[in-house]
Amino acid sequence: MTTYRSSNVLVQLGRAQAELYEHLHADNAGRCPTCRKPETCRKRQELTADILDYGVLPQRRPGIAGGQVFGFGGDHNNSRQHSSPSRS
Ligand SMILES: [Zn+2]
């Protein structure tokens with residue numbers, strides 16, 4: 001399943017997280033240290049939305065059809081091996 005995410009996406013996700021980190025820690029006045037805007041600046045909201053997109057997409061796609069096909073095949077193989085008289 002991890003092969004579903006391209007390495008390019010992971011690089012972009014890493015960059016977004018690193019950039020978000022620069023917008024997380026407000027100063028004593030409650031302002032973003034990078035934008036100088038009040039806390040939860042626009043950039044932080046945009047980056048958070050981007051990261052959520054990256055995180056949600058791979059889970060949504062293979063959820064319905066792919067997961068059932070994989071689960072069925074695995075069960076079938078297991079029951080066959082289990083019923084074979086290989087105990088001693
Ligand atoms: Zn900011």
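Helices here are DSSP runs of at least four residues, numbered from the N terminus. With that in hand, welcome to a few close-ups of a predicted model.

**View 1. Arginine 36 in the loop between α1 and α2.** Arginine 36 sits in the loop that joins α1 to α2, the latter covering residues 42–60. Its phi is near 65 degrees, a positive value in a residue other than glycine. Most residues other than glycine have a negative phi. Arginine 36 has 10 other C-beta atoms within 10 Å, and a residue with 12 or fewer is exposed, so arginine 36 counts as exposed.

**View 2. Threonine 40, in the loop between α1 and α2.** Threonine 40 has a positive phi too, near 55 degrees, and is likewise not a glycine. Because 14 C-beta neighbours lie inside 10 Å, threonine 40 counts as partly exposed.

**View 3. Helix α1, residues 7–21.** The number of buried residues in α1 is 0, so the helix lies largely in the open. Among the elements of the protein chain, α1 also has the highest mean pLDDT, at 90.

**View 4. Helix α3, residues 65–83.** Here the mean pLDDT is 49, the lowest among the elements of the chain. Over residues 66–77 pLDDT stays under 50, and for this stretch the model has 1 contact beyond four places in sequence. For the protein chain as a whole, the mean pLDDT is 74, with 57% of residues reaching 70 or more.

Notes
Residues numbered from 1 in each chain as written. Predicted model: local features only at pLDDT ≥ 70, side-chain atom pairs only at ≥ 80, totals over all residues. pLDDT = per-residue confidence, 0-100. Helix = DSSP H or I, 4+ residues; strand = E, 2+ residues; numbered from the N terminus. Contact = placed C-beta atoms within 7 Å. Buried ≥ 20, exposed ≤ 12 C-beta atoms within 10 Å, placed from the backbone.
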